[in-house]
Amino acid sequence: MSEWLVLALAMGAACVVVLIVALVRHRTAREDEDPSETPDVIEYMTMMIGVVYAIVLGLAIAGVWEARGIAQDHVQTEAQALHEISERVRVYPPDVRDRIRGDVDSYVGHVVTTEWKTMADQGRVTEQGGRLFDRIRADVTDYQPETDFEAQAYQPLVDQVTVAAAARNSRADSTGATMPGVVWFGLITGGVVTVGMVFALQIRRTLRELILAGLFSSLIAFLLFLIWDFDAPYSRGITASAEPFAQLFPNLPG
């Protein structure tokens with residue numbers, strides 16, 4: 001199901017619920033009920049609940065957005081480290097250089113064509129990607145430099161393999177949702193309470209009040225959708241992309 005369809009359904013459902021509750025409450029209200037007699041304490045509580053919930057929503061949005069940025073940084077770091085490996089092996093003998101570059105290209109090609117789709121659909125990296133990366137590590141670490149120039153390049157290459165491995169592990173850890181279930185429970189419950197407090201103000205069936213209540217509920221639904229959309233950095237909405245691999249390895253399919 002499209003994310004935009006989910007958003008439209010969520011916002012529409014929020015408006016419908018508000019309208020139904022408002023109409024039912026209007027029909028069941030006492031004839032002598034006066035909406036202007038809402039106690040001041042209820043108005044104060046409604047304001048405070050709205051402020052607190054707005055702060056919580058803001059922190060949640062900032063958290064998932066930061067997680068998405070960190071996920072993109074992992075991709076950039078991994079791609080840059082692999083690019084450095086591919087470039088720095090030019091000091092090695094042609095057969096060794098070509099083997100390492102070929103294995104790097106095979107790994108990157110697998111990431112952008114196969115592993116990325118697995119991350120989006122299943123929330124995990126592939127075993128084949130791990131095996132291809134292990135081959136790169138073996139290529140670099142098992143080579144015995146034959147000249148001083150090669151020896152000087154050896155340790156920086158090993159360091160770049162370590163950087164790429166750490167970035168890959170971090171990318172694997174970032175494939176799932178970042179928001180714990182208890183936080184989602186608090187966000188949804190807080191949204192229900194916040195909207196519910198609108199009815200504590202004895203909202204009636206005037207067009208202006210219904211429009212404002214509907215817009216308010218739709219806004220909360222939109223913000224919750226935004227958090228959900230950013231919650232999985234590699235699989236929904238504005239996701240972290242494989243663009244760094246495509247930029248640094250332009251000759252590979254992707």
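This is a predicted model: local features need pLDDT of at least 70, side-chain atom pairs count only at pLDDT 80 or more; totals for chains, interfaces and linings use all residues.

Residues are numbered from 1 along each chain as its sequence is written, and side-chain values use heavy atoms, with hydrogens and water left out.

**Confidence**
- The mean pLDDT (the predictor's confidence in each residue, from 0 to 100) of the protein is 82, and 80% of its residues reach 70 or more.
- Confidence is lowest in helix 1 (residues 3–28), with a mean of 67, and highest in helix 4 (residues 127–141), at 93.

**Overall fold**
- The protein has eight helices and zero strands, where helices (H or I, at least four residues) and strands (E, at least two) are DSSP runs, numbered from the N terminus.
- Of the 254 residues in the protein, 40% are buried, a word that stands for under 20% relative accessible area, with exposed meaning over 50% and partly exposed in between (1.4 Å probe, protein chains only).

**Helix 5**
- The 26 residues of helix 5 (residues 148–173) should span 38 Å at 1.5 Å a residue, which agrees with the 39 Å between its end C-alpha atoms; the expected span is 1.5 Å times one less than the number of residues.
- Buried residues of helix 5 include Leu 157, Val 161, Ala 164 and Arg 168.

**Met 47**
- Met 47 lies in helix 2 (residues 40–88), and it counts as partly exposed because its relative accessibility is 48%.
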